[in-house]
Amino acid sequence: MDREEKARFINRMFASIAGRYDLINTLLSFNRDKGWRRFAVSKAGLKEGFWALDVATGTGELALELAREVGPSGRVVGVDFCEEMLQVAREKVKGGGHEGQIEFRSGRAEALPFPEGVFAGATIGFALRNVTDIGTTLREMGRVVKRGGRVVVLEFTQPENPLFRRAYYLYFFRILPFIGGLVSGRKDAYTYLPRSVLAFPTRAGLKRMMEEAGLRDVAIYALTGGIVAVHVGTRV
């Protein structure tokens with residue numbers, strides 16, 4: 001499929017599972033997803049009062065972690081192009097102690113609706129696989145971050161240990177789609193997930209793409225046996 005066909009497919013897919021997205025993430029990751037997000041945010045270099053951006057924010061889980069990091073005097077903006085996911089995110093913020101601190105906007109990762117150098121840091125979690133152009137998205141994230149600010153990518157990756165990878169693939173390709181489809185009613189969404197991970201650049205490949213996007217000092221952190229990785233680059 002071409003880029004716009006992919007965008008329409010991704011939008012429809014996430015719109016259809018928005019209501020159960022968080023529950024399924026917790027079930028399928030054995031509740032590890034929360035720790036992954038906390039670790040990613042800890043590498044963003046944010047302090048009290050900073051402004052942060054979460055790209056392809058979905059239901060806002062990573063944006064909420066950013067809000068805890070920057071504190072009441074800070075500000076977080078979450079951007080996504082799926083309105084159904086944003087509706088879930090906005091409901092979480094209502095009465096949750098972060099009203100006025102977190103704002104959710106409709107927008108595309110490949111064309112962020114912000115001027116240059118607005119944010120102290122930018123994150124994207126489990127969504128870089130889904131954009132229509134990875135390089136453009138990384139450049140956009142770098143553009144809206146201040147000089148010296150960090151761009152953080154949290155994404156699924158492939159374990160390097162052969163024995164662990166074999167066991168993980170059994171779960172990832174057989175069990176995960178079954179459970180995800182059963183709970184969400186959309187098995188295609190959870191057969192897409194492992195396929196998209198296999199098609200995604202390797203850790204080293206993503207590091208090169210971040211460097212090509214103008215980010216420097218790119219560090220890689222493999223988590224939970226290497227099924228997830230955090231890439232951190234700095235705008236110069």
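**Close-up 1. Helices H7 and H8 side by side.** Helix H7 (residues 162–184) and H8 have axes that come within 6 Å and cross at roughly 150°. Axes here are lines fitted to C-alpha atoms, for helices over the stretch in contact, and angles run from 0 to 180 degrees between N-to-C directions. Helices (H or I, at least four residues) and strands (E, at least two) are DSSP runs, numbered from the N terminus. H7 and H8 are therefore roughly antiparallel to each other; angles over 145 degrees count as roughly antiparallel, under 35 as roughly parallel, 65 to 115 as roughly perpendicular and the rest as oblique. Please keep in mind that this is a predicted model, where local features need pLDDT of at least 70, side-chain atom pairs count only at pLDDT 80 or more, and totals for chains, interfaces and linings use all residues. Residues are numbered from 1 along each chain as its sequence is written, and side-chain values use heavy atoms, with hydrogens and water left out.

**Close-up 2. The residues where H7 meets H8.** On the H7 side, look for Tyr169, Phe172, Phe173, Leu176, Pro177, Gly180, Gly181 and Ser184, which meet Lys187, Tyr190, Thr191, Leu193, Pro194, Val197 and Leu198 in H8. Contact means heavy atoms within 4.5 Å. By class, the contact of H7 with H8 has 10 nonpolar, four polar and one charged residues. Ala, Val, Leu, Ile, Met, Phe, Trp, Tyr, Cys and Pro count as nonpolar, Asp, Glu, Lys and Arg as charged, and the others, Gly among them, as polar.

**Close-up 3. Helix H1 against H8.** Helix H1 (residues 3–17) packs with helix H8 (residues 187–199) at an angle of about 125°, their axes 10 Å apart. That makes H1 oblique to H8. In H1, Lys6, Phe9, Ile10, Met13 and Ile17 meet Ala189, Tyr190 and Tyr192 in H8. The residues of this contact of H1 with H8 divide into seven nonpolar, no polar and one charged.

**Close-up 4. Helices H3 and H4.** Here the axes of helix H3 (residues 33–42) and helix H4 (residues 61–70) come within 9 Å and cross at roughly 50°. That makes H3 oblique to H4. Arg37, Arg38, Val41 and Ser42 in H3 meet Glu61, Leu62, Glu65, Leu66 and Glu69 in H4. The contact of H3 with H4 divides into three nonpolar, one polar and five charged residues.

**Close-up 5. The seven-strand sheet.** Follow the order S3-S2-S1-S4-S5-S7-S6 across this open sheet of seven strands, which has mixed pairing; two strands pair if DSSP finds at least two bridges between them. Strand S3 (102–106) and strand S6 (215–223) stand at the edges, each with a single partner strand, so one side of each is left without a neighbour in the sheet. From one strand to the next, the twist averages 15°. Helix H9 (residues 203–212) packs on the sheet, touching S5, S6 and S7, and its direction makes about 155° with that of S6.

**Close-up 6. Strand S5 and its partners.** Strand S4 (residues 119–125) and strand S5 (residues 145–156) run parallel and are joined by six bridges. Ala122 has Val151 in S5 as its bridge partner. On the other pairing, seven bridges join S5 to strand S7 (residues 228–235), and these two run antiparallel. The bridge partner of Val153 is His231 in S7.
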